[in-house]
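Here are my notes on this one, colleague to colleague. Please keep the viewer open as you go through the points.

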Amino acid sequence: MREIKRKVLKQFSSARIILFGFIIMIFIGASILSLPISSRSREFTPFIDALFTATSASCVTGLIVYDTATHWSVFGKIIIIAMIQCGGLGVVTMLTVFTQVTGKKIGLRDRATLQSALSAPQIGGIIRLTSFIFKATIIIEMMGALLMFPSFMKNFGITKGIYYSVFHSISAFCNAGFDLMGDVSKFSSLTKYQSDIMINITIMLLILIGGLGFLIWKDIFDYRFDIKRYSTQTKIVLTMTSILVLFPSILFFFTEFSGLDIKTRVLSSLFQAVTPRTAGFNTIDYTKFSDNGIAMTVILMLIGGGSGSTAGGIKMSTVFILAVTMCSILKQDKEVAVFKKRIEPDIIKNAVAVLFLDVALFIAGSMLISGIEGFSLKETMFESASAVATVGLTLGITPSLGTVSKLLLICMMYIGRVGGITLIFAAVTPKNNGNARYPKDQVAVG
């Protein structure tokens, strides 16, 4: 019996544990959300819609078929925010924290799985890192809630103000994009707070901090302003974050919001540059965006945040590595180097694979949903990018989608959260070809 158990456990690699962990959480959440206790009307919610909502929450996406505030009961909202918290930090991370609290021993296999889930470079110190991540998350979310509380209290009172502050702080930090503004206007997100400086800045900071990556936090915490000691990963993510906030903000400022006063125009430009980084909140109506604005938003959604963060997307480091590789080829350099550090070919190959898989999924999903539903390709490309990159922004077509299209988006959200590479690693057993190598040959490209 022990031998059978050992063989079964051997089949569950770190990738498979991560995959099945999310699947289990999604189906448990969907089962609970489909019950009458989870809806305001005390009626059963169709399972496909409960499954869609549970996937969106667990994969911290934010696409919804029902307005969160008006359809779900308080119990249902608590289930949703719990799945957002678990999905943002990761199922494995939450299980590890629970194991620590109960005093159980964490084995080497569990540590290896945790290393994979956090994209950590080494297994040493992984438990201390997990503890740091969990404590930092709670502190950051509490600070976010405190900063937003005055604005929400003014509109909803003390009790509801606390509730709204905590919900939106967790949702923003985990890059989920779920909101409770439906009581004001259905599917309105944060448009009511377009000119509120504190809400805008707090939500943006929570999105950016959550989307940096857990290892980047540790670098900043350990070395403060001693940038020279930061890892290459940290330098890449901080550089890309600055670029992806600054330039889209300037574009949006001059092309999208000419009719607004200067304060609201600046806030809207910054917010719409930050939120596509897989957060899903919006303070403007995206159906009024120009085609150039939509295109820029799709690009930002696909790029996403940092590796090992609450964000999805292709990831900033992936795009940066590919851009630097292209530059090194154009300059005819022998090696690819970033911040005076050499990048190994295996990392470049992984970056190419991630880009190809995500773009292929995005294009295929767009074309299929457009063909099934009859929506324009612009609308379905926006929706598919939002699902694949676990963003949650929409041009308003999500609630009207049919069952097949919802299932397609569910699959895209799931793959976008766990990662296409993780999915393939879990499905494919690595080959051992020994030292055998194929002969070289020349193939023309370009």
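1. First, a definition: a charge sits over a ring if NZ of Lys or CZ of Arg is within 6 Å of the ring centre and within 35 degrees of the ring normal. Arg 265 lies in this way over the face of Phe 253, at 4.1 Å from the ring centre. Arg 224 does likewise with Phe 221, at 5.1 Å from the ring centre.

2. A word on the ground rules. This is a predicted model, where local features need pLDDT of at least 70 and side-chain atom pairs count only at pLDDT 80 or more, while totals for chains, interfaces and linings use all residues. Residues are numbered from 1 along each chain as its sequence is written, and side-chain values use heavy atoms, with hydrogens and water left out.

3. Now to the aromatic pairs. Rings of Phe, Tyr and Trp (its six-membered ring) pair if their centres lie within 6.5 Å; planes under 30 degrees apart count as stacked, over 60 as edge-to-face and the rest as tilted. The count by this rule is 16 aromatic pairs. In one of them, Phe 152 and Phe 156 have ring centres 6.3 Å apart and planes at 40°, so the pair is tilted. Both residues belong to helix α8 (residues 126-156), four residues apart, about one turn of the helix. Helices here are DSSP runs (H or I, at least four residues), numbered from the N terminus.

4. Phe 152 also pairs with Tyr 193: the ring centres are 5.5 Å apart and the planes at 80°, so this pair is edge-to-face. It links distant parts of the chain, with Phe 152 in helix α8 and Tyr 193 in the loop between α9 (158-173) and α10 (197-212), 41 residues apart. Phe 152 and Tyr 193 are both buried (under 20% relative accessible area, with a 1.4 Å probe and protein chains only). One aromatic cluster is formed by Phe 152, Phe 156, Tyr 163, Tyr 164 and Tyr 193.

5. How do α12 and α14 cross? The axes of helix α12 (residues 232-255) and helix α14 (residues 291-303) come within 11 Å and cross at roughly 165° (axes are lines fitted to C-alpha atoms over the stretch in contact, with angles from 0 to 180 degrees between N-to-C directions). That makes α12 roughly antiparallel to α14 (angles over 145 degrees). Leu 244, Pro 248, Leu 251 and Phe 252 of α12 meet Gly 293, Met 296, Thr 297, Leu 300 and Ile 303 of α14; contact means heavy atoms within 4.5 Å.

6. Lastly, Ser 366 is found in helix α16 (residues 345-373). At 2% relative accessibility, Ser 366 counts as buried. Neighbours within four places in sequence aside, Ser 366 is in contact with Leu 377, Thr 380, Met 381 and Ser 384.

Conventions. Helix = DSSP H or I, 4+ residues; strand = E, 2+ residues; numbered from the N terminus. Buried < 20%, exposed > 50% of the residue type's maximum accessible area, 1.4 Å probe, protein only. Parallel < 35°, antiparallel > 145°, perpendicular 65-115°, else oblique.
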